[in-house]
Every structure is written in C-alpha cells, then in structure tokens.
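Biologist: I'm new to this one. Can you put it on screen and walk me through it?

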Amino acid sequence: MDSAASDQSIIALDGWLQTPAGLYARAWEQACLDNLTADIFGFNAVQIGMPQIDALAASRMPHRWLADTRVRPRLAPSPAQQPDPRRQVAVTLDYAELPFASQSLDLVVLPHVLEFAAEPHQVLREVERVLIPEGRLIICGFNPASLWGARQVLGRAAGSYFLPRAGEFISMPRLKDWLKLLNMGASQSHFGCYAPACRTEKWLHRYAFMDNAGARWWPYLGGVYIVQAIKRVKGMHLIGPAWSKQTATTPAVVPVTNKRREQQDG
C-alpha cells in the first residue's frame, strides 16, 4: 500500500467509525483499552492515530499525547450518526518516522494503524526503537478470522464492502510473529464484537447476545482484537579473557618412618 492509498484508507476508516458498526467497535475498544492502560505505569504515553477514541483516558501516566499524520477536521454527522468526539492532535508525524528519542516512551497505542499504514513493518520497528526496555505496546485491529472478515472477503467479489476497502487486515498469529522478530512478546490478547456484519443499529442490538456467547464458545472469532506486547531486552554478558585457574600445589607428604631414619642416620 502506497502513501496515497494509505491516506484514502484512513479517510474511509474515519467515515466507517461513524456508522453503527463503527460505534459498536469503538465502544468495545474503549472499554478494553481503559482496563489495560489503567494498570500500566510510567511517565510518557503516546496514542498514534484514530483520534475518535481516547486510548489513554484511564492511564495514570503524567505525560500523555495524541499523535496523528495530520490535524483532521471534524466530520459533520448525519441525523443517524453520533457527534464526532475526536480530540486535539498534539503531534503530527509520519507513521514510519516517529519524532521521539530512542527509548523515551513507556507506552505506545496503535489503534488500527498497522492495517492502513503504507509500511506496517517499519511502523513496528519505529515503535520498538522509541519504547524503553520493558515498555508496552497495545495494538487494535480487525480480525480477518471472524464473521466481519468473512463478510469483507465476500464483499470483494460482490463489490460491496463492510469494512474500509483498502485495509490490509492482519491475523493474530501473523502479528505475533512480527512482534517476536522485534523481541516483543505478546502478553495479553482480547477479542470482541461477535455480532454479524450488520449495518444498522437495530440488527446489531438484536445480536447483542452473541457477545457473551462468543466470548465463551468461540473466543478467537471476534470482529476486533487488541494485543498488548512488552519490549524484551536480553541481558548483557561481559566478554573478556578467560581467567586461568591454577590449582594450589601441596607439599609432598613424607612418611614418618623416613623422617626417623634420617634423624638416626644423622
């Protein structure tokens, strides 16, 4: 995905987040992020992208910023939509070149950034660079192994998409492999939004019972997932010349009888 396509897909995501399905996904993500970030301690936290939610609302860190590629204007909602709750962007940046010093951040949150980034691998490498050792990364994404993912695949053939068209959705195992290559181990994973791909609030409400049933019976098939990872730094080992150990020499033992003979001969 090139930069132009990435920008168009982000705009498409902005519009989708104002739909009933988008509001449904945002509500679940906000609740899950509040639970995760409340127990992460440190000083500096950054949310990159998706200003429609406040991923750091429950964080206790003293320094929290929202960063995005640009300051996005508020969308004018239609009568069926909710007001756009996006917040003020503090830092504008390029996803692939983060303007933060190496090992300076305790927490980075990426809500639906990797799916619509031109270079998702480079984004992860930059996040790994700016995180301190044992720093935390939280990623939100659409799950291709779900009813929403299946609907998206069928939509490509019919030309009727449920999720934003240009998104390249990443499966959970694939994402964990990417993180592992960067020495970032996934510590927690959560799935949500088990309702079918419905476009209206009425039908989403009718399938609300599937959220409880899905979490119990098919937990890995939620339409949205959240992964928390920790930056691991291997211990340092001093390399130097090997110390040669010399065994202590003991004096030769002389039998007592020999000593007596020597004294008699003398």
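Modeller: Here is a walk through the fold, the surface and the salt bridges.

Modeller: Keep in mind that this is a predicted model.

Biologist: Fine. How many helices and strands are in the chain?

Modeller: The chain has 8 helices and 7 strands.

Biologist: In what order do the strands form the sheet?

Modeller: The order is E3-E2-E1-E4-E5-E7-E6. The sheet is open, and its pairing is mixed.

Biologist: Which strands stand at the edges?

Modeller: Strand E3 (91-92) and strand E6 (184-192) do. Each has a single partner strand, so one side of each is left without a neighbour in the sheet.

Biologist: How does the chain cross from E4 to E5?

Modeller: Through helix H3, residues 120-130. This β-α-β crossover is right-handed.

Biologist: Now E5 and E7. Parallel or antiparallel?

Modeller: Antiparallel, with 7 bridges. E7 spans residues 224-231. Look at Gly 141: its bridge partner in E7 is Tyr 225.

Biologist: Switching topic. How many salt bridges does the count come to?

Modeller: The count comes to 3.

Biologist: Start with Glu 126. Which side chain does it meet in a salt bridge?

Modeller: Arg 129, at 3.1 Å from N to O.

Biologist: Is Glu 126 buried or exposed?

Modeller: Glu 126 is buried, with a relative accessible area of 11%. Arg 129 counts as partly exposed, at 25%.

Biologist: Next one. What does Lys 231 meet in a salt bridge?

Modeller: The side chain of Glu 128, at 3.7 Å from N to O. Lys 231 lies in strand E7 and Glu 128 in helix H3, so the pair ties together parts that are 103 residues apart in sequence.

Biologist: Why does Lys 231 count as buried?

Modeller: Because its relative accessibility is 4%, and buried means under 20%. Glu 128 has 22%, so it counts as partly exposed.

Biologist: And Arg 232? Which residue does it form a salt bridge with?

Modeller: Glu 134, with the closest N and O atoms 2.9 Å apart. Arg 232 lies in the loop between E7 and helix H8 (256-265), and Glu 134 lies in strand E5. So this pair ties together parts that are 98 residues apart in sequence.

Biologist: How accessible are those two?

Modeller: Arg 232 is partly exposed, with a relative accessible area of 43%. Glu 134 is partly exposed as well, at 42%.

Biologist: Where does Tyr 220 lie?

Modeller: In the loop between helix H7 (209-217) and E7. Tyr 220 counts as exposed, because its relative accessibility is 59% and exposed means over 50%.

Biologist: What about the accessible surface of the chain?

Modeller: About 15,100 Å². Carbon and sulfur atoms hold 56% of that.

Biologist: And what share of the residues is buried?

Modeller: Of the 266 residues in the chain, 42% are buried.

Biologist: Last one. What share of the contacts comes from residues 24 or more positions apart?

Modeller: They account for 71% of the contacts with a separation of 6 or more.

Notes: Residues are numbered from 1 along each chain as its sequence is written. This is a predicted model: local features need pLDDT of at least 70, side-chain atom pairs count only at pLDDT 80 or more; totals for chains, interfaces and linings use all residues. Side-chain values use heavy atoms; hydrogens and water are left out. A crossover is right-handed if, with the strands pointing away from the viewer, the path from the first strand over the helix to the second runs clockwise. Helices (H or I, at least four residues) and strands (E, at least two) are DSSP runs, numbered from the N terminus. Two strands pair if DSSP finds at least two bridges between them. Buried means under 20% relative accessible area, exposed over 50%, partly exposed in between (1.4 Å probe, protein chains only). Contact means heavy atoms within 4.5 Å. Accessible areas come from the Shrake-Rupley method with a 1.4 Å probe; for residues, only the protein chains shown count as cover. A salt bridge is a side-chain nitrogen of Lys or Arg within 4 Å of a carboxyl oxygen of Asp or Glu.
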